[in-house]
Amino acid sequence: MDAVTSPDTRMKTVVFDDGIVRAFSIVTVVWGVVAFLVGVLVATQLSFWQANLGLEWFSFGRLRQLHTNAAIFAFVGNGMFAGIYYSTQRLLKARMASDLLSWAHFWGWQLIILGAAVTFPLGLTQSKEYAELIWPLDLMVVVVWVIFAVNFFWTIAKRNEKNLYVAIWFYISTIVTIAVLYIFNNLQLPTSLTHSYSIYGGVQDALVQWWYGHNAVAFFLTTPILGLMYYFMVKAAERPVYSYRLSVVHFWSLIFIYIWAGPHHLLYTALPDWAQTLGMIFSIMLWAPSWGGMLNGLLTLRGAWDKLRTDPVIKFFVVAVTFYGMSTFEGPLLSIKSVSALGHYTDWIIGHVHGGTLGWNGFMLFGMLYWMWPRLYGTKLYSKKLAETHFWIGTIGILLYMVSMWVSGVSQGLFWRALDAEGFLKYPDFIEGLTNSIPMYHTRLLGGLLYFLGSFLMVYNLIMTARQGSPSTVSIQVPARKPAPDSESGWALLTSAPMLFITAILVLAILFGSVGPMISPVVLSIFIVVCIAAIISYGLQQRKWGHWYGLVERHALVFTILALLAVLVGGAVEIIPTLIIGDKVPVNLTAEQIAADPALAEKAKWIQKPYSPLELAGRDVYVAEGCYVCHSQMVRPFRHEVLRYGDYSRLEESILNRPFQWGSKRTGPDLARVGGKYDNLWHYLHLMDPRSTSPGSIMPTYTHFKTETLDPAVFRHRMEVQAKLGVPYTDEDIELAVQRFKSQGELIAADLEVKGATVAPDSKMAALIAYLQRLGRGPQPLIPEPATTTADANDGGGSQTPQVNTAAAAE
């Protein structure tokens, strides 16, 4: 039982469920060590390519996905849940509504993590940043998240505390926003139990993915951790929050602005320029609320700064909040177009991400565990000295990591764009820039190793703390009668003047982004008028507005609806127009249409045609291996990139790609125009031993491509699924898919055999070569019937780009 009525019937005892908190805390530590270990392993692979061990399931492309998911969803996720379950019960003065739901949440989340740990090394992935899980695991995530949400909101409904503290606000925004983001980004059509295609393609997929990817950072790695800060930092400092009013401004401005900022990950790509500019503007605006939250946290320590010298928990919290300030300064800085032009695709981004995850999230969770763990076991921390040592080792480790990546990233950006006096590339060999970064990779490895080793001190400290105590049970006395509800109903709050103004502003903002150029000025005018009217109303009736917000803060349903509206508007304004634009790209133009409309002639050169069956198979192999984590497929409109890679990328040429493969990091060169640049033998040699064609490369070997084969019937079915998603495959294309798969494979195999290499026509090697030779080749027929020569072996047909001979390519 969670409540027992006292004999006087005026008070009752609430017993908190700290068993679930202990469980989440334990797995937080376990998965944290695993995430750090895999991180050290992939850092080692970047410093010493031999650490890939020549094993397909041990390659960097597959393990990097495992590392990011373990760090975000296993380590930070479980830590977040531990803190939420602990603080929510105490803030609401109520036990979690259902023990069954709490434990279903716990075991469901661990099964998802185990599923990721199995599927990623096997090459089963969606190949989308922070959303790599295959579709059955996606469904599990949704089910488990709903269980968590039901339990959380049920607990709010039965709470014994009338007001909702600021930490609860951040938890609410996390729960509702992650649900929206995850579902919309993972809408897909399965082709089998382990494979699917996104319903979005090309630019649509890119925008939806980074709308999700950026806001997964916002609402999984930021808002819940801010909620933990507002609870645990206050408890550790034994001081009230510095400013309640600042926390209100911090919360609402943060969740409203954050959701707009996703497009800054796609600056200078084929994304429409208006969306890029919008993302950049809102990213810069994020400086204000983010630093407001940081200052609110640090100033909470006023009068308690002496604890910084003696309490390791305060040390962890202060450095965590400082890293939050650094990351939220660096993020908007990197969203400025001129800075992004230098930093994007470089190691600077890697340093930025790790500063947020390991510096902000990691140190906040370390501090929380050191504070909460002794209380869960009714004892004191075993050793403050060990905690202090962990703090300094971890701090030095993350600083080494970030500084090395800053140096490497800036030098890479400057190296790539360097031009000589004649305006041509000063360093045309991509590998030269990579080899110059190797010393920084060694430094990164040292920093990561220190961070990893420091975690073992925490493990030992927590184990010894638990051994000297025992699991404790905490109970409190609360009034037997629930707090009386406010006189105003939820409907009255929703139809009040402030709410009507807010709704009108949000609706008009959405309309402005979705209507055409003829109507948008009218909508903008109405929007400005409504905003002015809202400001006047607030100025004349400040007390009524303040009273209204106080009531909203106590009415969980109304508060949740407002939070949901605040995060939905930005996504709607950016995504709806982009989906409309993508759907209007003509993917099946006829010669008659082009002749009738000369404007289509230029566009027709770039409109993507469907992949042949073998090219589609090769693309799926590329996706499964995680090649996108090292190679981009997006040439930006800069002179140095056009000189290095070829003509800049257009929106039309990737509109059929599911998933999009624009990438976010260039450990290797961009591949958008690689088709026809090298002959088939070069690609074969490069995949078998990258150093044979590119001395100094740190790419893993892919010798298993030569022996592993593919079933053409599988890709015939995948073509059928893509046709349902709008890819213009004809009935004839699908009917002849198996035959064309084999014929194109035979052409590539025959070409390689003439040059002294032997592969099976249905091998992964043949498929991947077919895909690579297709990239950037422009519209081509699917595949002609088998020819008598091997001249067309690169892409199975269509116009041919002259081949580079093998000796020259190797040089």
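Trainee: Which residues in α10 meet α12?
Mentor: Trp287, Ser290, Trp291, Met294 and Leu298. On the α12 side they meet Val318, Val321, Tyr324, Gly325, Thr328, Phe329, Pro332 and Leu333. Contact means heavy atoms within 4.5 Å. Helices are DSSP runs of H or I, at least four residues, numbered from the N terminus.

Trainee: What classes are in that contact?
Mentor: 10 nonpolar, three polar and no charged residues. Ala, Val, Leu, Ile, Met, Phe, Trp, Tyr, Cys and Pro count as nonpolar, Asp, Glu, Lys and Arg as charged, the others, Gly among them, as polar.

Trainee: How do the axes of α10 and α12 cross?
Mentor: At roughly 170 degrees, coming within 10 Å. Axes are lines fitted to C-alpha atoms over the stretch in contact, with angles from 0 to 180 degrees between N-to-C directions. The pair is therefore roughly antiparallel (over 145 degrees).

Trainee: What about α24 and α29?
Mentor: Their axes cross at roughly 90 degrees. So they are roughly perpendicular (65 to 115 degrees).

Trainee: Where does the model come from, and how is it numbered?
Mentor: It is predicted; local features need pLDDT of at least 70, side-chain atom pairs 80 or more, while totals for chains, interfaces and linings use all residues. Numbering runs from 1 along each chain as its sequence is written, and side-chain values use heavy atoms, without hydrogens and water.

Trainee: Switching topic. Which residues line the second largest cavity?
Mentor: Among them are Trp210, Tyr628, Phe660 and Trp662. A cavity is a set of points on a 1 Å grid over the protein atoms alone where a 1.4 Å probe fits but cannot get out; lining residues have an atom within 4 Å of a point.

Trainee: And the classes in that lining?
Mentor: Four nonpolar, five polar and two charged residues.

Conventions. On a 1 Å grid over the protein atoms alone, a cavity is a set of points where a 1.4 Å probe fits but cannot get out, and a pocket is an open set with protein on both sides within 12 Å along at least five of seven lines; lining residues have an atom within 4 Å of a point. Helices (H or I, at least four residues) and strands (E, at least two) are DSSP runs, numbered from the N terminus. Angles under 35 degrees count as roughly parallel, over 145 as roughly antiparallel, 65 to 115 as roughly perpendicular and the rest as oblique.
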